[in-house]
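I record each item as I looked it up.

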Amino acid sequence: MRPLYTKSKILRRSRALRGSRDQWKLRLVFWIGAVSTGLISVLFAKMADAAQHLFHGMRGVEGWGYLMPLLVTPAGFMACCYVALKFFPGAQGSGIPQAIAARHLEDMQDRTRLLSLRIAIGKILLTVAGLMSGASIGREGPTVQVGAAIMIQAARWGGIAHARGLILAGSAAGIAAAFNTPMAGIVFAIEEMSRSYQSRANGLVLTTVILSGLAAMGLVGSYTYFGETDEVARTAADWSMVAICGIVGGALGAAFSALALHLTLRIRRWTQPARLRRSLLLAGCCGLFVAVVGILSRGETFGTGYEQARAALEGAPASPLYFAEKLAVTFASMMSGIPGGIFAPSLSVGAGFGSTLALMLGANVGLGALLGMAGYFAGVVQAPMTAFVIILEMTGNHDNVIALMTASMLGYLTSRLISREPLYHGLSRNFIAEAIRTRRAQQRA
């Protein structure tokens with residue numbers, strides 16, 4: 001009797017694994033969404049790079065070309081702000097808060113106001129336009145919103161009900177494809193997006209990251225975002241830099257986060273009586289500030305800051321005040337309300353801070369940049385696991401795990417002492433309230 005029972009059990013498992021025709025249809029829709037996320041992430045990256053090169057090309061025009069940002073940057077900020085408010089509401093800012101907010105909303109229409117193909121298209125185009133204007137923004141946060149929107153749309157087409165799990169999976173795929181960091185995508189989904197470990201979403205997140213990553217690798221191959229580094233903390237001076245980068249970097253990140261949350265609420269109240277006009281005025285002022293600082297820094301602070309971060313990691317220190325200038329223009333770009341993320345600019349701020357600290361201590365510049373990224377980034381997002389895993393995968397520096405973990409944890413702990421609320425989760429509450437307010441207004445009408 002036992003062999004027959006075992007055989008029957010195996011057959012049942014085999015049928016469950018194969019699934020029905022409807023189940024395979026759902027899987028196919030899901031796989032198409034995951035692959036599409038990877039392909040679109042690569043296209044988005046190429047468009048963003050081309051936009052930055054175009055902006056710097058305009059700046060290089062002989063004569064008065066170096067003053068061009070005084071006109072182009074404020075005008076570009078105002079145009080992006082106007083188009084986002086009028087045609088793509090919900091596309092403003094990073095995109096990560098919108099994905100987090102959508103996971104907390106129960107009503108599908110409320111989710112659609114934050115995650116849809118229309119918003120995804122607007123997010124991509126306006127982020128590219130912002131980079132073409134010289135904004136200190138990144139594409140990684142927007143890629144999270146785009147990935148989540150694609151997976152939600154796939155769920156609608158395929159009749160899949162697990163919206164929260166799909167948002168989680170799409171967000172993870174977005175980070176993984178944007179940085180070519182599959183492990184960081186998974187950790188980001190668990191630590192930052194859900195703030196908990198959901199065993200039921202394991203397969204969903206892993207499968208999406210794998211398919212998205214394979215699609216991206218098929219186009220651009222396997223690579224490390226910042227190239228390979230092999231600097232390791234060995235001496236007492238190196239380990240003192242670990243502590244300073246963690247504590248001071250975390251404090252800087254916390255100050256950025258706390259001030260952003262505080263001013264975001266004040267700005268929302270200030271713009272309420274005349275939202276479009278006042279939002280455009282704010283965007284123009286922020287754009288002018290970014291332009292002035294960019295000119296004074298000889299163009300170093302425009303764009304994502306990728307080149308400056310990579311140079312610092314390779315041992316070429318940034319200018320001593322670069323990190324402060326980059327922090328200021330990243331903050332102004334964020335407060336302007338235009339679509340664009342802070343992942344890449346924050347890593348660049350951290351690299352600049354670490355390289356300046358290394359020069360002061362007479363330590364290795366590349367190591368300082370690495371540790372500065374970990375401490376500052378962990379302080380901004382208050383996600384230490386995501387911070388050290390993403391930097392580990394972006395640099396291929398597997399011999400420096402303990403130092404990176406230490407700097408990230410110190411940055412996180414310092415940040416928590418100063419700013420009790422994580423940046424993305426604090427910002428997500430604004431989108432939740434806005435979505436609910438809009439629905440209730442429509443119901444009353």
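I looked up T264 and found it in helix α11; helices (H or I, at least four residues) are DSSP runs, numbered from the N terminus. T264 counts as buried because its relative accessibility is 16%, the term buried meaning under 20% relative accessible area with a 1.4 Å probe and protein chains only. Leaving aside neighbours within four places in sequence, I noted that T264 is in contact with M335, L427 and N430, where contact means heavy atoms within 4.5 Å.

I note that this is a predicted model, in which local features need pLDDT of at least 70 and side-chain atom pairs count only at pLDDT 80 or more, while totals for chains, interfaces and linings use all residues. Residues are numbered from 1 along each chain as its sequence is written, and side-chain values use heavy atoms, with hydrogens and water left out.

I next examined how α11 (residues 236-271) packs on helix α12 (residues 275-296): their axes come within 8 Å and cross at roughly 135°. The axes are lines fitted to C-alpha atoms over the stretch in contact, and angles run from 0 to 180 degrees between N-to-C directions. α11 is therefore oblique to α12, since angles under 35 degrees count as roughly parallel, over 145 as roughly antiparallel, 65 to 115 as roughly perpendicular and the rest as oblique. From α11, I267, W270 and T271 meet R275, R278, S279, L281 and L282 of α12.

I then turned to α16 (residues 365-381), whose 17 residues reach 24 Å from first C-alpha to last, close to the 24 Å expected at 1.5 Å a residue; the expected span is 1.5 Å times one less than the number of residues. I found 17 of its 17 residues buried. Just after α16, I recorded a positive phi of about 50° for Q382.

For α6 (residues 117-132), I noted 16 residues reaching 23 Å from first C-alpha to last, close to the 22 Å expected. Its buried residues include I119, A120, K123, L126 and L131. G134, which follows α6, has a positive phi near 95°.

Lastly, I located I152 in helix α7 (residues 140-158). I152 is buried, with a relative accessible area of 1%. The C-alpha atoms of I152 and I167 are separated by 6.6 Å, although these residues are 15 residues apart along the chain.

Conventions:
Helices (H or I, at least four residues) and strands (E, at least two) are DSSP runs, numbered from the N terminus. Buried means under 20% relative accessible area, exposed over 50%, partly exposed in between (1.4 Å probe, protein chains only).
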